[in-house]
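Subject: Structure for your review

Dear colleague,

Please find below the structure that I am handing over to you.

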Amino acid sequence: MDIFLIKALQLVLALSLLVLLHEGGHFFFSKLFGVRVEKFYVFFDWKFSLFKFKPKNSDTEYGIGWIPLGGYCKIAGMIDESFDTEQMKKPAQPWEFRSKPAWQRLLIMIGGVLVNFLLALFIYSMILFYWGESYIRVQDMTLGMKFNQEAKSYGFRDGDILLGTDEKDFKEFSANLYRDISEAHRVDVLRDGRKVSIALPGDLNLLNMIKSDPSFVRPLLPALVDSVLPATPAAKIKLVKGDRIVALNGAPVDSYNEFVDLLKHRSDLLAVATTHADSLKARTVTIVYEHAAASSADTLTAQRDTADVVLTPDLKLGFVVKTLAGIYEPVTREYGFFESFPAGIKYGWSVLASYVDDLKYVFSAEGAKSLGGFGAIGNLFPPMWDWHIFWQMTAFLSIILAFMNILPIPALDGGHVLFLLYEIITRRKPSEDFMIKAEYVGFGLLILLLVVANLNDILRGLGLL
């Protein structure tokens with residue numbers, strides 16, 4: 001419950017900040033051009049609001065709604081999600097949106113997107129200035145990688161150290177590494193001390209590479225016990241730090257990755273278990289482990305033990321291995337204040353470009369399943385409060401919010417921009433009846449997308465997706 005609350009608080013704080021500043025962008029340009037703003041709300045206030053006030057001699061009511069799905073800035077004389085058609089039947093007033101030149105209305109509409117985009121770049125810059133950039137170079141991962149069967153069919157081998165593609169060297173292990181491999185025609189690896197080149201088609205499916213189980217490539221982690229959790233099966237068989245798992249149910253274990261993959265096969269047996277005896281059988285495994293004291297070939301066999309053990313209901317043994325940061329030394333680069341801005345802009349642009357490139361997968365069956373709602377977004381935040389990760393996620397959400405809002409969909413800022421550009425080019429304004437109908441269609445599409453995304457969250461939580 002504590003973890004849920006921490007993640008929920010981070011999500012609400014990030015969304016509140018982003019919505020406040022997004023709507024603030026519309027508000028700023030509206031006031032700049034003398035357009036009256038009737039309401040300025042963070043979150044939606046359908047039927048009632050949590051808080052509201054209207055300063056003396058002000059035309060604007062400020063408030064906080066109870067539905068955390070966004071927010072709005074109700075601009076006088078504008079067809080928006082409020083669907084206030086009665087106002088549009090009255091004669092246009094000089095302080096209304098519809099009375100202003102098209103170029104001013106255009107700036108008012110892109111104000112929110114502009115603020116979100118600039119905010120993301122600013123946050124990324126300040127992250128680099130305050131925390132610097134820390135990562136583990138792929139070339140320094142001397143234990144190499146663990147590959148799935150698809151990767152091995154192209155010529156990769158477990159233990160290969162990734163170097164780069166025909167385009168560039170690899171930097172760190174992240175989604176960008178998968179993307180680089182998916183687009184590469186050649187990947188260079190270090191194998192047994194020599195460089196080997198592997199030919200690839202150049203159009204691998206990025207989504208399948210990441211979502212396949214096991215994934216296309218993972219850093220190889222040794223099956224070496226770093227710590228044992230109390231009152232677990234591992235503690236009962238007296239595993240200690242330094243012990244190594246070497247076999248599971250007769251199958252050799254060459255890494256922690258392999259150990260986890262073998263345990264996943266037990267989940268299929270557990271899923272079809274109908275009795276307690278069947279469940280117990282699925283959870284019972286034979287483990288061979290090598291003691292930390294084993295140091296030579298002569299004593300290796302003598303210092304191995306075999307144990308039959310019943311795993312936890314979620315198929316865990318109960319030990320922890322070192323993380324990548326515990327095995328390898330990270331590389332850290334620090335940035336000066338002025339130096340951080342071009343670096344932050346470059347990084348933010350890279351994030352946006354990667355996101356846009358990945359959108360093509362949304363239109364596939366597997367991509368549609370990958371859509372996530374508030375649950376998926378909340379899970380992006382860590383289970384403990386970490387300001388570094390919080391600001392990284394806030395910047396990411398800000399840049400995604402900017403891009404999604406500029407899409408030419410009615411009810412989004414981009415839809416209004418599209419109609420304004422049409423007006424500027426043709427010098428003809430779309431009819432108010434057309435604008436109202438387009439707003440309804442766009443709003444309906446957004447609600448449908450919201451339902452699908454959050455339904456995916458529910459199905460994933462139930463293990464049905």
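On the surface, a nonpolar patch is formed by Leu9, Leu13, Phe129, Tyr130, Trp131, Phe337, Phe338, Trp385 and Trp387, which together have about 1000 Å² of accessible area. Areas were computed by the Shrake-Rupley method with a 1.4 Å probe, and for residues only the protein chains shown count as cover. A patch takes residues with over 30% relative accessible area and no salt bridge, joining nonpolar side chains (Val, Leu, Ile, Met, Phe, Trp, Tyr) within 5 Å and like charges within 9 Å; a salt bridge is a side-chain nitrogen of Lys or Arg within 4 Å of a carboxyl oxygen of Asp or Glu.

Please note that this is a predicted model, in which local features need pLDDT of at least 70 and side-chain atom pairs count only at pLDDT 80 or more, while totals for chains, interfaces and linings use all residues. Residues are numbered from 1 along each chain as its sequence is written, and side-chain values use heavy atoms, without hydrogens and water.

Helix H1 (2-32), helix H3 (102-131) and helix H12 (337-358) each contribute at least two residues to the patch, and H3 gives the largest share, with three. Helices (H or I, at least four residues) and strands (E, at least two) are DSSP runs, numbered from the N terminus. Phe338, located in H12, is exposed at 69% relative accessible area; exposed means over 50%, buried under 20%, and partly exposed in between (1.4 Å probe, protein chains only).

Turning to the sheet, four strands form an open, antiparallel arrangement in the order S11-S10-S12-S13. Strand S11 (251-252) and strand S13 (304-310) are the edges, each pairing on one side only. Two strands pair if DSSP finds at least two bridges between them; S10 (residues 244-248) and S12 (residues 284-290) are joined by four. Helix H8 (residues 256-271) lies across S10, S11 and S12, at about 40° to S10. Such angles run from 0 to 180 degrees between N-to-C directions, with axes fitted to C-alpha atoms, for helices over the stretch in contact, and contact means heavy atoms within 4.5 Å.

Strand S1 (residues 37-53) holds Phe43, where phi is positive, near 70°. Lys47, also found in S1, has a positive phi of about 75° although it is not a glycine. Phe43 is buried, at 9% relative accessible area, whereas Lys47 is exposed, at 70%.

Finally, a cis peptide bond joins Asp213 and Pro214, with omega about 5°.

Yours sincerely
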